[in-house]
Amino acid sequence: MNAAREVATCLRGSAADSSPAGGATLRAEDLTVTDLLCGPYPGGVCRARRVVLDEVRITYPGTEGVPGSCTTARRVTFSGQVRFRAAVLSGRVFGLVPLALSTAAVPPVPIPYLRLTDVHATGLWSRADMATTSYAAVAPGDLHSENCSLPSG
């Protein structure tokens with residue numbers, strides 16, 4: 001019976017109960033992950049040694065009476081012990097093959113290197129030992145506001 005529940009959860013692509021409602025939304029031109037492993041962790045959490053995002057826009061939903069925010073950067077690098085999950089993650093594998101899935105549906109097979117282009121993720125949660133950015137800005141707004149355009153530099 002537990003196996004049936006786990007399969008149903010994977011097919012629904014649900015995130016763990018501890019994730020905020022909706023989570024963050026991510027758009028990036030390029031995502032590169034090294035030493036990726038998903039699957040055996042609860043709630044669809046994936047682990048990686050390093051995640052690099054280029055031309056990034058991340059929006060965080062607001063709550064009633066509190067506006068959301070938009071973080072933009074030319075590059076964001078997460079390193080150390082990186083953890084993340086996404087209700088839906090889509091992009092093109094090595095710039096060619098379209099892919100869309102939940103991190104909860106990724107089989108527990110180690111992937112030493114993965115590159116996605118035209119990346120879009122919803123229901124995003126992430127944590128890392130270290131994060132570095134270049135040409136970053138944080139402002140109130142959402143993906144469609146003028147505050148969420150990539151900074152020049």
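Trainee: Is Asp118 buried or exposed?

Mentor: Keep in mind that this is a predicted model. Asp118 is found in strand β6, residues 111–127. The cut-off for exposed is over 50% relative accessible area. Asp118 has 52% relative accessibility, so Asp118 counts as exposed.

Trainee: What is the phi of Asp118 near?

Mentor: Asp118 is a residue other than glycine. Even so, the phi of Asp118 has a positive value. That value is near 50 degrees.

Trainee: Why does Ala73 count as buried?

Mentor: Ala73 lies in strand β3, residues 69–85. Buried means under 20% relative accessible area. Ala73 counts as buried because its relative accessibility is 1%.

Trainee: How many Å apart in space are Ala73 and Ala28?

Mentor: Start with the sequence: Ala73 and Ala28 are 45 residues apart there. Now go C-alpha to C-alpha in space: the value is 9.5 Å.

Trainee: What pattern does the protein chain follow along the sequence?

Mentor: Count the elements: the protein chain has 1 helix and 8 strands. Read along the sequence, the pattern is α-β-β-β-β-β-β-β-β.

Trainee: What percentage of the residues in the protein chain is buried?

Mentor: The protein chain has 153 residues. The chain exposes about 8700 Å², with 58% of that supplied by carbon and sulfur atoms. The buried residues make up 39%.

Terms used
Residues numbered from 1 in each chain as written. Predicted model: local features only at pLDDT ≥ 70, side-chain atom pairs only at ≥ 80, totals over all residues. Heavy atoms only, no water. Helix = DSSP H or I, 4+ residues; strand = E, 2+ residues; numbered from the N terminus. Buried < 20%, exposed > 50% of the residue type's maximum accessible area, 1.4 Å probe, protein only. Areas by Shrake-Rupley, 256 points an atom, 1.4 Å probe, with all protein chains shown as cover.
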